Amino acid sequence: MAHVGGAPLSLYWAVARRSFRRYSTYRGATFAGAFTNTVFGFIQAYVLLAVFRRRDTIGGLDVVDAVTFTFVTQGLLAIVAAFGPLELADRITSGDVVSDLYRPLDLQSWWLAQDIGRAGFQLMFRGIPPFAVGAVAFHLRLPAGPSVWAGFAVSLSLALAVGFAWRFAMSLSAFWLLEVRGLVQLMGLVFMFFAGFILPLPFFPPALRDVANVLPFAAVVELPVEVFLSKHRALPDLLGVVAHQAAWLAVLVGTGRVVMVRAWRRVVVQGG
Amino acid sequence: MGLIELDGVERDFVVHRRVGRVRRHRDVVRAVDGVSFTVEAGEMVGYIGPNGAGKSTTIKMLTGILVPTAGSVRVAGLDPQRSRTELAMRIGVVFGQRNQLWWDLPLRDSFELLRHMYRVPADLHRRRLAEFVELLDLGSFLDTPVRQLSLGQKMRGEITAALLHGPSILYLDEPTIGLDVVSKSRAREFLARVNRELGVTVVLTTHDLSDVERLCSRLMVIDHGRVVYDGTVDDLKARHGQYRTLVVDLEGPAEPLVVDGAEVVRVDGPRQWLRFHRDRTTAAQLIAAIASTTAVVDLTIEEPLIEDVIAGVYVGGAPDRT
Amino acid sequence: MVETHGGPTVAEQAVIWRRLVGARIRADWQYRTSFITFMVSQFVAGFLDIVAIVILFSNVDRLAGWSVAEVALLYGTSNLSFALSDVFVSEAEFAAHHIRAGSFDRFLLRPVGPLLLLCGQEFALRRAGKVVQSVLVLAVALTQVPVDWDLPKAAMVVTMVAVGFVIFGGLWVLTSSIAFWAVEAREVANSVTYGGNFVTHYPLEIFSGWLRRLVTVVPLAFVSYQPTLWVLGRRDPHGSPAWFAFAGPLVALATVLVARAVWFSGIRHYRSTGS
Ligand SMILES: Nc1ncnc2c1ncn2[C@@H]1O[C@H](COP(=O)(O)OP(=O)(O)OP(=O)(O)O)[C@@H](O)[C@H]1O
Ligand SMILES: [Mg+2]
C-alpha cells in the first residue's frame, strides 16, 4: 500500500471525503455564494457586451469567449478560494497546530486532502450553477470536443493544486506574524487581479501582461480558462500550458515544504 | 400589582431536524408552557429547574429579548418587548454563560461606556463605582483588558456592570457558574446585600441549589416549561422531603436488615442505608429495633438534601412514589 | 435609528456612538499590523476596480458613448457613497454573526437602539481606506469631465454622494435584517450591497432591460447614474424621465423607512439561542 509521510493513502482519501461532507452541511451559505457569483457574472457580462460593441476581438478573444470567461471565472472563485487562508492559519495562531505536527502524517498532504474535499464540493455546487445560469441568459462556449474537456480537467486539477500550494505557503506565515488575515486579503487581491479574475489577461496592456506572466497566478485561472475556451487545442500547445502549471506547482510546493521545515524547527526550539 | 407579572406565558421555538440526507423535519418545541407568577418589589426569587426547563427563555422574555408566543408579560407596568429600551434603564442582567463586557477593553472603560449609555451623571457614577470596587474588591484588575481576567474577576465585573445604572430589578442567569467556593460565597454575600440594602428585586437562576438555600426566600421550580412548585424552601422540604436516611455500621457484612417502617436502599460492606418516613416511624424506634437483633458499631442520620428533594419534584411529583 | 419614547436624544446617541467607536479603535490598535495591512488592502481593492476600468478603456475609447472621464465621475461618486456607507453602516452586517452566536442578546439589553450599538461596536477604521481612494478618483474625474462647473452642478455632486450614502446605508440594514429569518443567507446580502456597488460603477444603459428596471426599483439607479446624467447633460437612451435626476432625496427617505420597518420586524423575530 502506498504511504505518504508515514500514513497510508487511504487516510488522505478519508480526510478528503470528510472535508467534502463537512462543506455539504453549509447549504444555505453555499446557495447564497453561488447566487452572488451569478449576479456578479451577469453584471460583468453586460459590461463586456458593451465593450465588444466597439471591437470584434480583443487579444484573440471574441465576445462569446469573453462572456464565457466571466462565468467560468465566477465559478472558479470559490473553488480556488483565493480570498482566505487555510484553517491551518487559525490553528497556528491558536497553537493547536502543535498537535498536528506530532501526528504521523505529512502536514502538507493532510491539508491538501482537506482542500481537495472542499474544492470537489465547491466545484459541484459553486462552480457549475453560475455557469449553467449564465448559459441560459447568454451565448456561452463549451470546450470543443472530448480532448479539450480532458485537457481542461488536467489543467483545472493543476490549477487547484497551485492555488492550494500558494495558500499553504501563505498560511504558514502565521508562524511569524500574529495576524495573517490582513496580509492574506491583500495578497488575495493581487492574486485575483493578476490571475484574470477581474478582467481577462488578454485585455491587459503589454506592460501589465508582462507582470502577470512572471507571477504564478495565471496558472490558477487564466490558463485553465483558456484551455476551456479551446485556445490550446494542439497537443504541443496544451503540453506547454500543463508544463507551465506543473513548474509553478513544483516551485510553490517546494517553497511550502522549506517554510514548513523552518517553522517546525522554530516550534521545537521555542515551544510554540 | 406585582413588579413582575406573567400570565399564561408560552414560548415556542421552531426547530428543523435533519432526517436522512436531505429531508428536514419541522418541529415545534414549547420551551415555556403556560407560566404564570407574580414577583413583588423587594423579593429575591430562585428560579430553578433542570437543563432545558425554560429558565433562560423566561428571563429573555422578561427582558424583552424574546417575544412570547402567547400570554402576557408585564414588568414594572411595561410590556418588555414594546418598551424594551425604556425598561432597560430599570433592569440589570447577568448571563453567566455570556459575556457582556467589551472583550479588549479594561473594566474601567466598559463601565464608562455604560455610564454614557445609561446617562448616569458623572458624580453619581463615581460614587457607585467606588462602592462596588470596595465591596467586590475590583481595584486590582480594573485596568486589565477583560480578555485577561479570570472567570471570577470577570463575573464580578459583570455583576458591577449590571448594577451601575441603579436598576430596580436584577436578573441573574447562572451567575455563579464556574466560580470557586470563595468567589461564590463572596458573590452571594454581595447579592444578598444588594437585595437587602438597595431594595433591588432579584430573580436568580442557578443549578447550584445552595445559592438558592442561602439567598432566596422564595423558590420557583420549573420543569418542561411549567411551574411545578412555587413557595418557600422550607415548605418544599416539608412537603417533599419527608424521608430521612439512617446509616448504620454493623460489625461485618450482613444480609440487608429487615426492620418495620424502613427499607434498605444501599449496602456497602458492613454499612447499610435505611430510608424511613418521618411521620410513620422515628429514628429512635428504628435504632431500638435494629439494636435488638444486630450489633451496631456506629450510626448517623442524614437529612434530606435539597438536591434530592428537587430531583423528586423534577420527575413529576413527590419522591414518596419511589 | 431613534427608538420611541424614553430613548436618548439624537445628541446623546451621537455621544454614545462616538464613545463606542473610540473604544473600538483603541481595542483594534492593539493589533497594529493587522490594522494597517487591512487598511492598505481596502485601499488597494478600490484601486484595482478603477484600474480595471482604465484597462477596459485602453481597449475601447468609449463605453456606450461614455468617455473614461465620465465613467470615472460615475465611479467616483457612487464608490464614495458606498465607501462611506461601508465605514458607517456596513457594521449592520455583523448582526448575522451575533445572531448565530446568540450574542445579539446584549444589544437588546441596553437603553439604546441595537443598530446604533452594532454600528459603534463593530466600527472599523480600516474601511476608510476605500474612502480615501474614492476621493482621489473623484477629484481627478471632476477636473477631467467636459462640464462647466457652476453652483447647481456642484451642489448636485454633493447631494448625490449624500443620497447614495443613505441609499447604500438603507440597503446594508435591509439586507442585514435577513439574518433574523435566515442566518445563513448573509452572502445573498452581499450580492445586493457589493453587487450594487459594482453595478453603479457603470452607466446603467449598458445593462439589459430587466436588470435596469430592477436596479431602478432597488433603487441603485438613483445613487449616481440619474444625477450624473444631468450633470453631464446626457439623456438616458432608454428614456427614463428627466426628473429622476432630482428624485434622489425622496428615494433615499423611502429606502430608510423600508429598511427601518424590516429591521424592527426582524428584531421581533429574533429567537436568541439556547444557552
Ligand atoms: N433559540 C432557540 N431556538 C430553539 N430552541 C431553543 C432556543 N432557546 C431555547 N430553546 C429550547 O427551549 C428549551 C428551553 O431552553 P432554556 O434555554 O430556556 O432552558 P434552561 O432552563 O435555561 O436550561 P439550562 O439549565 O440548560 O440553561 C430547550 O429545549 C431548548 O432547546
Ligand atoms: Mg439557561
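**Questions on a strand and a chain contact**

Mentor: In chain B, B:Ile91 has B:Ile169 of strand 6 as its bridge partner. The model is predicted: local features need pLDDT of at least 70 and side-chain atom pairs 80 or more, while totals for chains, interfaces and linings use all residues. Residues are numbered from 1 along each chain as written, chains are lettered from A and ligands numbered from 1 in written order, and side-chain values use heavy atoms, without hydrogens and water.

Trainee: How do you know that strand 5 and strand 6 of chain B pair, and in which sense do they do so?

Mentor: Pairing requires at least two bridges found by DSSP. Strand 5 and strand 6 (residues 169–173) of chain B have five bridges, in the parallel sense; they therefore count as paired. Strands here are DSSP runs (E, at least two residues; helices are H or I, at least four), numbered from the N terminus.

Trainee: Why is strand 5 of chain B called largely enclosed?

Mentor: Five of the five residues in strand 5 (residues 91–95) of chain B are buried, so the rest of the structure largely encloses this strand. Both faces are covered, with B:Ile91, B:Val93 and B:Phe95 buried on one side and B:Gly92 and B:Val94 buried on the other.

Trainee: What makes up the contact between chain A and chain C, in residues and in buried area?

Mentor: Chain A contributes 37 residues and chain C 35 residues. Together the two chains bury about 3200 Å², of which 74% lies on carbon and sulfur atoms. On the side of chain A, the most area is lost by A:Ile43, A:Tyr46 and A:Arg54, together 18% of what that side buries. Buried area is the accessible area (1.4 Å probe) lost when two parts are put together, summed over both.

Trainee: What makes the meeting of C:Asp61 and A:Arg54 a salt bridge?

Mentor: The term requires a side-chain nitrogen of Lys or Arg within 4 Å of a carboxyl oxygen of Asp or Glu. For C:Asp61 and A:Arg54 the N to O distance is 2.8 Å, so the pair qualifies. The count between chain A and chain C is one salt bridge. Helix 2 of chain A gives the most to the side of chain A that touches chain C, with 16 residues.

Methods: Buried means under 20% relative accessible area, exposed over 50%, partly exposed in between (1.4 Å probe, protein chains only). Contact means heavy atoms within 4.5 Å.
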